[in-house]
Structure formats: C-alpha cells, structure tokens
Amino acid sequence: MTDPYRVLGVANTADDEAIRAAYLAAIRACPPERDRLHFERVRAAYESIATERDRWAHALFDVAAPTVQEVLEIVSADMRPGCPDERRLYRLLGGK
Amino acid sequence: MSRKKRPSKASAAPPVVKKAVLPDQAEAALGASRYREAIEHYKELLKQERRPAWIEGLAAAYAGRAAQLAQKGMVKEASALWRTRADMCGTPLIEGPYVGWLLEAGEGEQALRLLAGATQKLSRDAQTQLETQVAAAVLVAPDSALTGLAADSPLLRHRAAAQAALAAFARGDDAAMAEHVKVIPFSSPYRDLRALLKAFSLYRTDASQAAVALTRVPADGPFEPLAAVLRVCVLPGEAWLASLHSLNGEGRALVLDIKGWPEERRPLVLELARLSDGPASAAMLYDLLARHRSTLPADTAAQLCRRLLPHAPERLKTYSANFGALSAAEKDHILALAAELKRDPEQAEDHWLNLVERLRADPAQRARAALVLRRLANERSRYDPGGPPDEDALAWLAQSLELDPEDRATHLTLIRALRVRSEPKELRKCLEAALARFPDDANVLLEAVETALASGAFKKAATLAKRVLALDPINPRVRTVVGHAHLSHARKQIAGRNPVSARRELDEAAQWLRTNADHGSIKLLRGIIDERGEEGDALLREGLAEMSCALVGSFHLVLEASHTRHDPKALLRRAGIERNRVPAASEVVALAHALNTARVGDKAVQIALDLLGDELRGASAAQFAESDQLVVCEALHRHNKRALVRRYAEAALQRWPARPVFVYLRASAAYGANPWRMPRRELLALDRALEVAQASGDQRTVLRLDDLLAAATGHIGLPGEDDDDYLDGLPGDDAGTVLEMMLAALGEDAFLAMVRKQLGKPLFDEMRRDFGGNRKQFIRALIGLLADIGPPPGLGDTGAYADPQPIVPLKPPPRRKRRTAPTDTQKDLFDD
C-alpha cells in the first residue's frame, strides 16, 4: 500500500495529533519484533505525513501510483461480509 | 456438366484381412496402458471364444481407457465407456468411479437412481462411502428423485436438517444454523457440510479462524465446490482476487456474495482480477477506474485517477471529461511530476516554476510554493553533487525563505552555500535573518561562528561559540572550530614574535580543545614561545608525550616549527629527541595516519618528512603487516615522497613478490615524474602486475597501472594503444658498456657533472638524496638508468659536454583507452 493515510488508517484531513495517535496505536498493535516489515511501513508512512509541512510535501511530490491491491482495498473499504444467495448455493452443489 | 464419379477409397482398396490376434498381444497392450489397442484385441479374442480371462482383460482395458478420459475432464465420455464395459463384460455399473463421474457430469439424479437400485449389492463400507459421495446430490435433488432410497438411509434422515442449516446460512442466521447443524451427527454423509458451515460462520467475524476451521474439511469431499469458495475467501490481501479464476461462474459469484460486493461493482472487481494476473500499467488502471466510476463512492475514482495521472499524463484530457476540469495549477503539478518520472529535468523545472507562480499569488498557498522552490534547488544540486552551489538554486532558496521564512533547514543550506561561494554581503544578510528568527538555535549559531572565523573575527566567533555551548554544552564541532582558530592565530603571533598575544590565544584555545593531540600542540607552542628557559624545554617534552608516539611527536614539532618560523632541528634538540633512532613499525604506521590528515602540498609537511627521512629510511626494513605497509606507502605517495615510497615498496615486494599495488607504487615512485624513462624490465613488471590485478578484480590498481603504463609508453612513442609489442625496441645492454667506458675515461667527478647536466639538476639531486651519500651506489644507479633509457643525445660528446642539452620531457601523450571500466565493486584496501 502506498498511501500513508491508509497505512495509518487516518483521514486525509487528519492533523498532527490524530496522525501521531494512529502511529502509536499501530506500532503498539504490531511492534517491530513481531513484524519488522509492517513496522517499517508504518514508520515510513508516519514520517511522510507527521507534520503539516510533511503533508504538503507528500501532496506535492509523492508519485506513488495506486496498485491493483490498493484500488481493491479502497473500493471495498465500505463492504462487509454478506450472505450468499441460497439458489446459488444449490446450483454450486449441482442442483438445477 | 457431367462429373465422373470417383471410385471411393473403400471400394478401391483391397479387402482388409485381419490377422489372427494372439492373447499375448492383448495382454502386452493392456500391460503397457495401450487401452484402445487392448480393447480391440480382446474384442477379437472374445469373438473366437468367451474365455473368462479375456472378459476380465476387456473390462480392465475399458476401465483404464475410461480413467484416461476422466483425467482429461471428459467425464461424460468416461461414463459412457463405463456403461459399455458393464454391457460387454457383465460388470456391475455401480462399482468404481462411475457414480463420481456422474456427479461431476451434473447427472446427480441418474446417480441417485443407480444408488436406489444397487446399494443392497454392496458391502456396508462401500455403501457408506457411496452415501457420502452422493450427499451433495441428495441435498439439492428434488424429492421426486429420492423415491428409490431406503427410508432409513441417513441420506434421507439428515437431509432436512442439512437443508435447514444451508437456508439459515443463506439468511445469515448463525444461531439457527448452529441449531440445525447440531442435529447432523459426525457419522452422517453430511458431516463435511456441517464443518464447512461452521467455517463460513466464523468467516463473518474472523477470516483467519475460518481458514483454520477449513483445514478440518477433507479435500475432494462431496461439498468440495463450497469448500473451494471458502478457500478463496480466506486468502489474505489481494491473493483472493488472483484465485477467483480457479472457480466457475457460480463459485466466483458466491465469493463476491460472501465478501459483500454489490452487484454493480462486480464487473469492476472481475476486471481487477484480470489485471492482477500480470503487470498493470497506470493507463490500464486509469481506464478501468474511469469506466466504472459511477459504481464507486463519490470522488473515489477521481482521487485514484488523479494519482495515476503523473504516470499516464496522456489521460489528462479524458480526466477533465470524466471528472471535471483541472485548474491550471493542478495541470502544471501533474506535468511537473510526469516530467520528473520521464527524467526530463528541464521540462519539470518549467512546470514547477509555473506552479510556483500560480501558488504564490494565494497567501494560503505560499508555504507550498516555498516547498516547490526548495525541491527545485535540491534537484539542481542532485544533478551536480560535486559542483559549486548553482546560482538558480541559491535564488530559489532565497525566494523560498521570502515565502516561508520559518524553515530553519533552508536558512542553514543557504548560509553554507553562500559561504562556499564567498559572497560575504549576501552571507551576512542571510545570517542576520536566520539569527533574528532563530536566536537560540545551536546550528544557526554554529554557522555564525564559522562565518565569523572565516572573516577573522575571533572575538565575535568566541562570543557566538559560548552561546552555542550554553545551549549545547557538549557540542564537539564548535569547540574544535573555535579552538583551532585560536591555535592558528597563536601560531601567527609566535611567528611575529609576539609572545604575549600568542600566550593569550593559547589560553583561549586550551579552553575549547579537549583531545590529547590538541593539548599536545598547545604545549608544543608554549614550549616554542619559552625559548630560553628550562621550562620551555620541559613543555616541549610534555607536548611530545601527549602525542601517540615519539615519531608522531617529532613530526608535529617540526610542523609547528615551520608554522611559527623556528628552526626545527633546534626545537628537536631542545625537546630531547634522539635523532637517527630507528622507529618501531607501529610508530611509522601512526605517522602514516597523521600524514593522511595533513594537507597535501603543505610545505611544512615536506620539511618534516625531509627532516625525519633518516628515521623513516631506517624503519623501512621493519616487519610490517601487509596492510600497514600499504598504509605507509600510500601516505608517503600522497605527499609525493618518491624515494621513501620506493624504499618501502621494494621492502614490501621482497616479502610479497609481484603484489600489483606495490609494483605500481615502486614504479610510480621511481619513474612517476619521468615515466618516459621507465626501463623495459619495469614495463614488463607493470604489465604482469596489471594482469594479476585484473585477475583478482583489484580495479583501483588496474586503473592506476593502466595510467602509468599509458604515460610511460606514450612518452616513448611506441605503437598503438593495445599493442603488446610496445616493449620491443627499447635500449639494449650495449649502452651500459659504453657508459662504463666513459666513467673509466672521465673519472667519477667529471662523469657525474656530465650526467647532472644531462639529467637536469632536480632529478639528479633527488636521485642523489635517495642514495644518502653512497656515491658508488649512486653512480651504479645512474649508469643503470642511462643504460635502460639510452644515453641522452650528445652524452660523452665534447661539444655536448661543453654546451649540454638537458633532457626535455615531451608533451604528455593522449591518454590510452582504459582497459577496464571502473566498477562499483573494488577490492582494494583503500577504496572509498
């Protein structure tokens, strides 16, 4: 994921305080000894948007293109696991 | 038009006479899995006689062929063949894989009819296995298809509960589903469905738990299509997207049902799945999002497409059509990033500067404009990292501070750049602005200290430095900078015979400096000031004691003597330095490290090395480690002490013969100043060393050897660049005989005078110094040299002797093409 706001799970309008809180919560939930790569991703995300100046610079100079995975995550962000169609279940198992 | 009827091939061909088939042939074909051939053979045999063995053979051949077809996915054909087998061989239809193939072919009801009529013929185990196999078919079959099943069959007894559980799952009623599932016992043909529905229920809350539960469901069971759907659902990240293709249409739709994808977004996700199979370009992703924008939440597609535009700037027009017009500033922003991605810095600069103009008009956007200007300045310096600060870059930094004066880092960058460019007016202005804005910032104050020192304002520098230390008491840089400035000033005062001021400066320096070496220097300078007293001599000795060893101490004392215009020999005597002592190897290595920090070209260093020459020559035979010997050689080479380098390199070559780096250092020391004089044997040695260095990957030495060979062979003017014959045609040994004769005829003094005039005084004197007064050896070396290079024109000639023509070096030749391109991976010890 290339969008630091999404990595930290904050809105694009979040301020310094909200971003720091999200960063601390993220590293508490996943400390470096548990998942080094994830921790580094979180830290890089925080460093890129920690201050207002950082956020301006990110908006101006970031060229990371969204990946298929990121697009998928974004377009499925508002979805929750649903219920299957019963007739489809029957058809899948060989019913007519 | 009439057409002649062609005789058919069949009618034209002679009647086929089938050969009699032997049982061995049929068995061989069956054994070799040539089932079609085996079937034909057994059929022929059975026409002769219905032997039980041949009937069994035919049944086995049919079974083998049917299995082959099923493996290819031709389950309908396999089922048909199985029925033929039953007809021809009288085997029961229900045995073997036939029911499975029927289910796979979607002929579940036919399987159930078969089951209804034939189960009583099967063993109990086979019956249970068959019931499990058809459980899914029974579950979804219409009631009318189940009339043949025994009323007490578990397939019927548990069917209602299984159906109710499935319906509850479809409603999302987990509690009801759990109740219905409880009714299904572990021995039921529906037991896999029970485990699967529990796993699906878990998926709604915790996908990883569902994945664990799924491992308890056996693969290829009767409910495998449902299990496959859950296996895709629980895959992490985007892996599920890539696995969608492994399912059929119903399975894919069910995955999207379970993941909660609304119908209108399903085409988008299926296209994304196709894109995830290979590398997706930004333009492809852009087009996909633009096409499906109406199915996405407000602005989502616009924001994603906006991020893709720098990678697909050709979509700018369609963006405006799809999502509304972009402002001029936004367009410049996108085009600037696109130009950077295309590595077109000029175009990028144009667009960035346009953007700056547009942003600076809006007071709320000025800080952003400043950021852009800083980026431009940074990019300029990135394209020329070693060069002086660029004028445009300085102007952009200054403009950025006008727009956003709060950026301390930019103040510091600008101050440093202006100091490098020696622009005192601008520098002072910029420094004052920074100090006014950040009066208590240690870094800004430190820049002020350095600027004050650069302009000789020591008092001001000291005052500012004290402010730095008040803020940052352990700042080592400010202490060193100020302390060394005081030391430097003290030296000038001593040289000007102004001891009072010098002592004051040394007192100041002592307050700032902390290292032993610096304190040693202070004591040496104090000792130099106290020229006449015992106390001064004691100070000199104390100063030397602060240094790492006597040799390094002597070196520093001679340096200080030169800097303060004192007689170094007298100071060495006063300090009680024992001359002509052979220093230990460790002392020479310590001196080499000191030499590495000394400025190249400093006359004081040359004086010190000349004065310590005897000691260094004496130590050349010491047992150094190879790396230490190289450190010493390189340090001396750095300060151009050729005779010493030659001596140390030759000593090294005695211990490590033909080591390329030492071969280079020896040759460079001996002939580096006059490479055209290099004798054939040295050229051969260099060429061998070059091969060894190339073989060992020592690129640095390869380049150095290559350059030296180029200089040597270029001056000689021998054939082309890569011509290995350049060693041919050099002077022979006859010249040596002639020179010996001249020496005998003229006598040593006249011979030396003649050679001196021919070689020129500097080279002659340098060589003589190298031999330290050993006249015999010196003459032998001169004869060797002249024999190698050939006597200069007119040597020995009376006229030439009367009016000698010194050897004038030819102009340097064009450089030879490098044999090996420099690489990033160099093995040499001193590579940066």
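Student: Why does Ser33(B) count as partly exposed?

Tutor: Ser33(B) has 13 C-beta neighbours inside 10 Å. A residue is buried if 20 or more other C-beta atoms lie within 10 Å of its own, exposed if 12 or fewer, and partly exposed in between, with C-beta atoms placed from the backbone. The value 13 falls in between, so Ser33(B) is partly exposed. Keep in mind that this is a predicted model: local features need pLDDT of at least 70, side-chain atom pairs count only at pLDDT 80 or more, and totals for chains, interfaces and linings use all residues. Residues are numbered from 1 along each chain as its sequence is written, while chains are lettered from A and ligands numbered from 1 in the order in which they are written.

Student: What makes the phi of Ser33(B) worth a look, and where is Ser33(B) found?

Tutor: Most residues other than glycine have a negative phi. Ser33(B) is not a glycine, yet its phi is positive, about 60°. Ser33(B) is found in the loop between α2 (23-31) and α3 (35-48) of chain B. Helices here are DSSP runs (H or I, at least four residues), as are strands (E, at least two), and they are numbered from the N terminus.

Student: What makes Arg497(B) exposed?

Tutor: Arg497(B) has 10 C-beta neighbours inside 10 Å and therefore counts as exposed. Arg497(B) lies in the loop between α30 and α31 (499-512) of chain B. Its C-alpha atom is 9.6 Å from that of Arg565(B), 68 residues away along the chain.

Student: Why are α30(B) and α32(B) called roughly parallel?

Tutor: The axes of α30 (residues 476-495) and α32 (residues 516-529) of chain B cross at roughly 15° and come within 11 Å. Axes are lines fitted to C-alpha atoms, for helices over the stretch in contact, and angles run from 0 to 180 degrees between N-to-C directions. Angles under 35 degrees count as roughly parallel, over 145 as roughly antiparallel, 65 to 115 as roughly perpendicular and the rest as oblique. The pair α30(B) and α32(B) is therefore roughly parallel. 

Student: Which residues make the contact between α30(B) and α32(B)?

Tutor: Two residues are in contact if their C-beta atoms, placed from the backbone, lie within 7 Å. On α30(B), the residues include Leu487(B), Ala490(B) and Ile494(B), and on α32(B) they include Leu525(B) and Ile528(B). The contact divides into six nonpolar, two polar and two charged residues. Here Ala, Val, Leu, Ile, Met, Phe, Trp, Tyr, Cys and Pro count as nonpolar, Asp, Glu, Lys and Arg as charged, and the others, Gly among them, as polar.

Student: What makes a set of residues a nonpolar core?

Tutor: The residues must be buried Ala, Val, Leu, Ile, Met, Phe, Trp, Tyr or Cys, joined through C-beta atoms within 7 Å. The largest such set has 219 residues, with Val134(B), Leu196(B) and Val632(B) among those with the most contacts inside it. Helix α41 (residues 660-671) of chain B gives the most to this core, nine residues. A second, separate core of eleven residues includes Ile19(A) and Tyr23(A).

Student: How many residues of each chain meet at the interface?

Tutor: In chain A, 30 residues are in contact with 53 residues of chain B. The elements giving two or more residues on the chain A side are α4 (52-61), α5 (68-75) and α6 (86-92). That side has 20 nonpolar, four polar and six charged residues.

Student: And how many helices and strands does each chain have?

Tutor: Chain A has six helices and zero strands, and chain B has 48 helices and zero strands. Buried residues make up 27% of the 96 residues in chain A and 38% of the 832 in chain B.
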